[in-house]
Amino acid sequence: MIEFPNELEIVMIRDFDAPIGLVFDVLTKPEHVSKWGATPPDRMLECSIDLRVGGEYHSSFLTEDGSEFTFRGTYLEVEPPIRTRQTWLFELWPEAEAVETIELHEAGGVTTFTWTLAFKDKAGRDHMSSFDGRQDSLDEMEDILKSLLDPNRA
């Protein structure tokens, strides 16, 4: 589900049939993010995460047409396993400053993932006119979670 609560924010919500700790790990450990951060035919080139307040993350991927895209930011809050809040910069749009918040809540073995991207201004928010790849990444996360919960699936 994608929501636009105001002209500066985007909110995406998704449920995963997995415990909160495992979902947090898949969201924050490079060995997992490198698998869902770029989905085929795109290929992850770099994925580094220093998961602490003041720590930085950086990921870059190569698309099928040979274009390279990079995301980076600095962690502002880290509360395992329920929340991270970090600056968000897509290097193709350096003027589109945003803060990304990921919140997790578990009930009955299902973890609800809430992703919020809050832009500094409407001009930055206007860059996000589509969500190409975001749904694919969440689907890939779900597959990773299933394989971790049932290693026989891998």
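Here are some questions and answers on a predicted model.

Me: How many cavities of 30 Å³ or more does a search of the whole structure find?
Reply: Rolling a probe the size of a water molecule over the atoms shows where empty space is left. With the cut-off at 30 Å³, the search of the whole structure comes back with one cavity.

Me: Which element gives the largest share of the lining of the largest cavity?
Reply: That cavity holds about 30 Å³ of space, and its lining is Phe24, Leu27, Thr28, Ile82, Arg83, Thr84, Ile102 and Leu104. Two or more of the lining residues come from each of helix 1 (20–28), strand 6 (83–90) and strand 7 (98–107). The largest share, three residues, belongs to helix 1.

Me: How many residues of that lining are charged?
Reply: Arg83 is in the lining, as are Thr28 and Thr84. Sorted by type, the lining has five nonpolar residues and two polar ones, and the number of charged ones is one.

Me: Why do the buried residues of helix 4 line one face?
Reply: The residues in question are Ser137, Leu138, Met141, Ile144 and Leu145. An α-helix has 3.6 residues a turn, so residues three or four places apart point the same way. Looking down the axis of helix 4, the buried residues line one face because they fall within an arc of 115 degrees.

Technical notes: Residues numbered from 1 in each chain as written. Predicted model: local features only at pLDDT ≥ 70, side-chain atom pairs only at ≥ 80, totals over all residues. Heavy atoms only, no water. 1 Å grid on protein atoms, 1.4 Å probe; cavity = no way out; pocket = protein on both sides within 12 Å on 5 of 7 lines; lining within 4 Å. Points joined across faces, edges and corners; volume = space filled by probe spheres on them. Helix = DSSP H or I, 4+ residues; strand = E, 2+ residues; numbered from the N terminus. Nonpolar A, V, L, I, M, F, W, Y, C, P; charged D, E, K, R; others polar. Buried < 20%, exposed > 50% of the residue type's maximum accessible area, 1.4 Å probe, protein only. Arc of directions from axis to C-beta.
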